[in-house]
Amino acid sequence: MKELDLKVVGHDAVRLDGLEKITATAKYADDIDLGPGMLYAAILGSPYAHATIKGIDTSDAEQVPGVHAVLSGEDCPGRCGLYLKDSQLFAKDRVRYVGQQVAAVVASSQEIADKALGLIKIEYEPLPVLQDPIEALKPDAVLIHPDLGDYEVVPWLYPQPGTNIAHLRKVRKGNVEKAFEEADYILEDWYHVPHVVHAPIETHVSAALYAFDGRLTMWNSTQSPHTQRNILANVLNLKHKDVRIVTPYVGGGFGGKAGVNMEVIAAACAMKVPGHPVKIRYSRKDEFQNTSQRQELKAYVKMGVKNDGTIVALKHQLFWDVGASAEYGSNVVNATGFSATGAYRIPNVWIDSYAIYTNRPPCGAYRGFGYSEFHFGIESHIDRVAKALNMDPVEFRKKNAIQEGDTVAYGVEMGPTGILKCIDEVAKAIEWGTESKSDDPNRVRGKGFALVWKAPAMPANESSAAFIKFNEDASINVLVSGMELGQGFMTAMGKIAAEELGLPLERVRVELPDTDRNPYEWQTVASHVTWSCGNAVRRAAIDARNQIIKVVSTAHHIEEASLYLEDGKVKCSTKPDFALPLEKFVINGVQMSDGTFRGGPILGRGSFMPEFTSAKVDPETGMGGHPNVHYTTGAGAVEIEIDKETGRVRVLRMAEAFDAGKAINPDLVKGQIEGGFVQGLGTALWEEVIFDEQGRIRNPNFTDYKIPTSLDAPREMHSIIVEVPQPDGPYGARGVGEHTMIPVMPAIANAIENALGIRIKNPPMTAEKIVQALKEKAERSL
Amino acid sequence: MKKEITLRLNGYETTVAVEPHEKLLDVLRDKLGVKSPKYGCGRGECGACSVLLNGKSVRTCIMYAVEADGQEIVTVEGLEQDGLTPLQKSFLSHNSFQCGFCAPGIIISATELLISNPHPGEEEIREAIAGNLCRCTGYGSVVDAIVDLTRRE
C-alpha cells in the first residue's frame with residue numbers, strides 16, 4: 001500500500017481509550033468489585049537479606065477468628081520462573097532478600113489478616129549478606145543458590161552451579177587483543193548504574209477466585225496475561241483452559257508488570273479458600289521491595305581507535321546485580337550481552353555479560369531491558385574518546401554509526417536504519433555547535449549527545465494472534481491480548497484494522513485481554529507489539545476482507561479482483577455505481593433472488609510469529625544464531641543549565657529522534673518520546689534505591705525516592721519521528737516505546753562534562769556529586 | 001466503634017457508617033462505589049487520590065473519613081454529571097494521558113486551579129499539578145491541554 005493511500009494509519013486521532021480515561025470510567029484491577037464474599041490477604045516478608053529458615057509456626061495465626069487460611073512454603077513446593085526456575089512462591093528453607101515472602105494469611109478483613117500475620121513465628125539463622133556483584137564473584141563468596149544446577153532453565157541460558165553466576169553471555173568477534181595493539185588510542189574505565197524502580201502510579205494488584213468447579217479466574221494488573229496463565233497453570237497444576245486471566249487497564253507497567261510476580265501468591269491463596277475471591281493490593285513499600293527492580297550494573301569499557309576516528313576494538317564486561325532471583329533478569333543480561341557495542345560498527349569485539357546473584361530484591365524487565373544501563377557507559381566513553389582525538393562527538397558518532405549491511409557483534413547483518421538522519425535532526429533541533437550562555441554568572445550551560453539502538457529481547461518463537469468480529473452494523477471488535485499500558489496499543493491496532501477494512505476508526509473497538517475470549521499474545525514487552533501484534537491484526541483484517549469479497553463476488557457474480565472495501569462499503573473498480581454497505585450482509589449474509597442467503601458472520605483470524613530467529617548460538621562466541629528480529633535506532637540530546645554553587649541541573653531543552661519505520665500513531669509516538677525522556681531524566685538526576693548494610697531499602701516511598709514532577713520536565717521538547725521502513729513490519733512499523741528513555745543518562749553526563757569539565761560515571765548525577773566533583777577539580781588545579 | 005457520617009457527595013447527601021481509622025479514600029472506593037480516586041502511595045505523595053473537599057483539593061489517602069463528616073466532596077464523577085467539562089474535552093483532544101491512572105487526580109488539581117485562576121500562565125499550571133505524579137507522559141501533553149483551554153476561553 002502506498003503511503004499516500006493510507007487513510008487512518010499514520011494520521012493523528014483521539015485515542016480509542018481516551019474517553020474512558022478522561023471520564024474516570026476506565027477500570028483498573030482494584031476498581032473491580034468482587035462482592036461481599038471477598039477475602040483479604042496479608043503477606044509476611046523476611047526481615048533478613050540472607051538466612052536459613054529453621055522453623056515456621058503458624059498455629060497461633062490460624063486460631064484468630066476471621067482467618068480462613070495461612071500459607072507458607074510447605075503449601076506451595078513448586079519453583080517458578082519465566083526462563084530460569086529459581087524463585088518460589090514462599091521461601092521454604094532459605095530467604096535471600098529483605099521482604100521475601102515467607103507466609104500469607106487470608107482473612108475476612110485486612111485488619112484481621114494483618115493482626116494474624118504478627119502471630120506467625122519464624123526462626124531464622126542469618127547468613128552472610130552479599131550486596132555487591134563483584135564481591136559475589138569471588139571464589140570464597142557465600143552461595144546464594146547452592147542448588148543452582150538443579151533448576152529448570154531454557155537452553156540458551158547458562159547458569160554456573162557452584163558460583164553466584166546465573167548466566168554468562170559471551171560474544172567474541174575478530175581479534176580484540178591484536179586490534180588494541182594496533183590502535184592509536186585506548187581508553188578504559190568503569191561505569192556504575194544503580195538499582196532503580198519502575199514506580200508506576202498504580203501498584204501491583206491481583207484478585208483471584210478459585211471456584212468449586214475447579215476454575216481459577218484472576219483480575220490482574222499485568223502486561224502478560226497469557227504468560228501468567230501458562231506459568232500459573234504449570235505451578236498450580238491446573239489445565240490452561242481452566243485458568244482465566246482478565247486484565248483491566250494497567251496503571252503503568254514499564255516492564256515491572258511483565259511476567260509473573262505476586263499474582264502467583266494471590267492464586268495460591270485463592271485455591272485455599274474456594275468460592276471466595278481474594279485480593280492483594282501492594283502498598284507503595286511493597287512495590288519497591290517485592291516487585292522487580294532494574295538491575296544494577298558495574299561495567300568495564302575498553303575502546304581502541306585509530307587517529308582518523310575509526311573505532312577498531314571494544315572490550316565490554318558487564319557485571320549485573322540481578323538480585324536474589326534471575327528468573328526474568330537473566331534475559332536482560334543475555335540480551336544486552338549481544339548488543340553491548342551500542343549503535344556502532346566495530347570489527348573486533350569482546351563482551352562478557354554476567355548475571356550475578358546478590359541478596360537484593362529480584363530484578364527484571366525495566367523499560368529498555370538493560371540498554372539504558374550499558375548505553376550510559378558506552379555513550380559516556382564515546383564522548384571521552386572523541387574529545388581525546390579532538391573530534392566533535394557528533395561527527396565521531398556519525399563516522400562510526402552502524403549502517404544497513406554492517407555486521408553486528410554476533411555476526412548478523414544490520415537491517416534498515418535511519419540513524420544518520422536521526423543524528424542530523426537532533427543536532428539541528430538542539431543547535432549543536434552553537435554555544436548558549438546563561439545571563440546568571442553563577443550558571444553555566446552545556447550540551448550533550450547520545451546514540452541509541454535496541455532490539456526486542458524475546459524468545460525466537462514469540463508470537464501474537466488476533467480475531468476481528470464483525471457486528472450487525474458493520475462495527476468491529478478487535479480481540480487481541482496485547483496490553484494497553486498507555487503507549488497507544490489499542491489505537492494502533494484499531495487503526496490497522498480500520499485501514500485494511502476501509503472503516504472509519506469510530507466503528508472500531510479494541511478489547512482488553514481476557515484469556516478466555518482473546519487469542520494468544522506472548523507478552524506486551526520489548527517494544528514489540530506494534531510490530532508483532534500489528535502484523536497479526538493486519539492478517540486478521542485481510543482474512544476478514546477476503547471473506548467479504550468472496551461472498552459478494554459469489555452472490556453478485558462479480559470478479560473478486562475488481563472488488564475493494566472503502567468507506568464501509570464494498571465497491572467495484574469496473575462498476576462505479578456498485579456500493580454495497582457492509583452492514584447489509586456481514587452478519588446475515590447476502591440474499592439471492594430465490595430467497596436463500598450466502599455468507600454468514602464475518603470473523604477474521606490472524607497469527608504472526610517470526611520464522612527467521614534462532615537462539616541457538618555458540619556459547620563461547622555468541623555466533624551462529626539470529627537472536628534479534630531487528631533494531632530500532634535513534635539519537636537524543638540535551639541542553640542543560642547548572643548552578644555552580646548548588647550543583648543543581650536543569651534541562652532547558654531536549655531533542656530526540658527515533659526511526660519508527662512507520663509511525664502508526666504519530667502523536668502518540670511523540671508522547672512516548674516525551675514520557676520516556678522524563679522517566680530517563682529521573683534516573684539521570686535523582687533516582688536510586690538506597691540499601692543499608694543489612695540489605696534493607698531506606699527510601700521505599702516518593703518522599704525519599706524522587707520521581708520527576710511537572711516542574712522538573714523540560715519546557716522545550718523536540719520529538720522527531722524518522723521513518724525508514726522495517727520490511728516485515730505493518731506498514732513498515734517498528735517499536736519505539738522503550739528506546740526513548742535510553743539516551744537520557746549519557747546525554748546529561750556528556751552535557752555536564754561539556755559545561756563544567758567534570759565527568760560523572762555513576763548516576764544519579766545529583767547536585768551533591770556535581771558540587772563534590774567541582775571541589776575535587778579545583779583542588780587538583782591548585 | 002462505627003460512626004455514621006454524612007457527606008454531600010457529588011451533589012447528593014450520603015450517609016455511611018465508618019470505623020474511626022478508615023481513610024476517606026477507602027470509604028469512597030469500597031463503601032460508596034466512587035472509583036475515580038486511586039490508591040498510589042498511601043502517604044499523600046502522588047496525588048492520585050485527590051478530590052475536592054469544599055472546593056479545595058485534598059489527598060483522601062491521608063484523611064480520615066470521619067474528618068469529612070458534614071462536608072461537600074466532588075470527584076470526577078461529580079464534575080461530569082452534565083457532560084464533559086471543557087477541561088476534560090481539552091485533555092481528550094490533546095491525548096493528554098497514557099495509562100490514565102493519574103488522570104482523575106490531575107483533573108481535580110487543574111479544576112481547582114481554574115476555579116481560582118481562569119487564565120493561569122504555564123508556570124502556574126505546572127506549579128498547580130506538581131503534586132500529581134505522572135510516570136507516563138512527561139507532563140507536556142497535560143500542560144499543553146490546560147494552556148490551550150485557557151487561551152481559547
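Let's start with chain B, which is divided into two domains: domain 1 covers 3-79 and domain 2 covers 86-152. Please keep in mind that this is a predicted model. The centres of those two domains, taken over C-alpha atoms, are separated by 22 Å.

How do the two domains of chain B meet? On one side, 15 residues of domain 1 of chain B are in contact, and their partners are 13 residues of domain 2 of chain B. Looking at the domain 1 side, you'll find that β3 (50-53), β4 (56-59) and α2 (76-79) of chain B each supply at least two residues. Of the elements on that side, β3(B) gives the most, with three residues.

Now let's step back and look at chain B as a whole. Its secondary structure comes to six helices and five strands. If you walk along the sequence, the pattern reads β-β-α-β-β-β-α-α-α-α-α. The radius of gyration of chain B is 15 Å, close to the 15 Å that the globule rule gives for 153 residues, so chain B is as compact as a globular protein of that length. Along the principal axes, the C-alpha atoms of chain B fill a box of roughly 50 × 30 × 20 Å.

What share of chain B is buried? Of its 153 residues, 56% are buried. And here is one for contacts: among those in chain B between residues at least 6 apart in sequence, 57% join residues at least 24 apart.

A quick word on confidence. Chain B averages a pLDDT of 97, and 99% of its residues score at least 70. For the complex, the predictor gives an ipTM of 0.98 and a pTM of 0.98.

That brings us to the partner, chain A. Between the chains, 40 residues of chain B are in contact with 44 residues of chain A. Which elements of chain B give two or more residues to that side? They are α2, α3 (86-93), α4 (103-116), α5 (122-128) and α6 (140-152) of chain B. The largest share comes from α3(B), which gives four residues. By class, the side of chain B that touches chain A has 19 nonpolar, 12 polar and nine charged residues.

Let's turn to chain A itself. Chain A is divided into domain 1 (3-26 + 462-608), domain 2 (32-127 + 204-281) and domain 3 (296-458 + 615-780). In chain A, the C-alpha centres of domain 1 and domain 2 lie 39 Å apart. Where those two domains touch, 17 residues of domain 1 of chain A are in contact with 17 residues of domain 2 of chain A. On the domain 1 side of that contact in chain A, the residues divide into eight nonpolar, five polar and four charged.

You can find Ser593(A) in the loop between β25 (590-591) and β26 (597-598) of chain A. Is Ser593(A) buried or exposed? Ser593(A) has 6 other C-beta atoms within 10 Å, and because a residue with 12 or fewer counts as exposed, Ser593(A) is exposed.

Methods
Residues are numbered from 1 along each chain as its sequence is written. Chains are lettered from A and ligands numbered from 1 in the order in which they are written. This is a predicted model: local features need pLDDT of at least 70, side-chain atom pairs count only at pLDDT 80 or more; totals for chains, interfaces and linings use all residues. Domain bounds come from an automatic or database domain assignment. Two residues are in contact if their C-beta atoms, placed from the backbone, lie within 7 Å. pLDDT is the predictor's confidence in each residue, from 0 to 100. Ala, Val, Leu, Ile, Met, Phe, Trp, Tyr, Cys and Pro count as nonpolar, Asp, Glu, Lys and Arg as charged, and the others, Gly among them, as polar. A residue is buried if 20 or more other C-beta atoms lie within 10 Å of its own, exposed if 12 or fewer, and partly exposed in between; C-beta atoms are placed from the backbone. The radius of gyration is taken over C-alpha atoms; the globule rule is 2.2 Å times the number of residues to the power 0.38.
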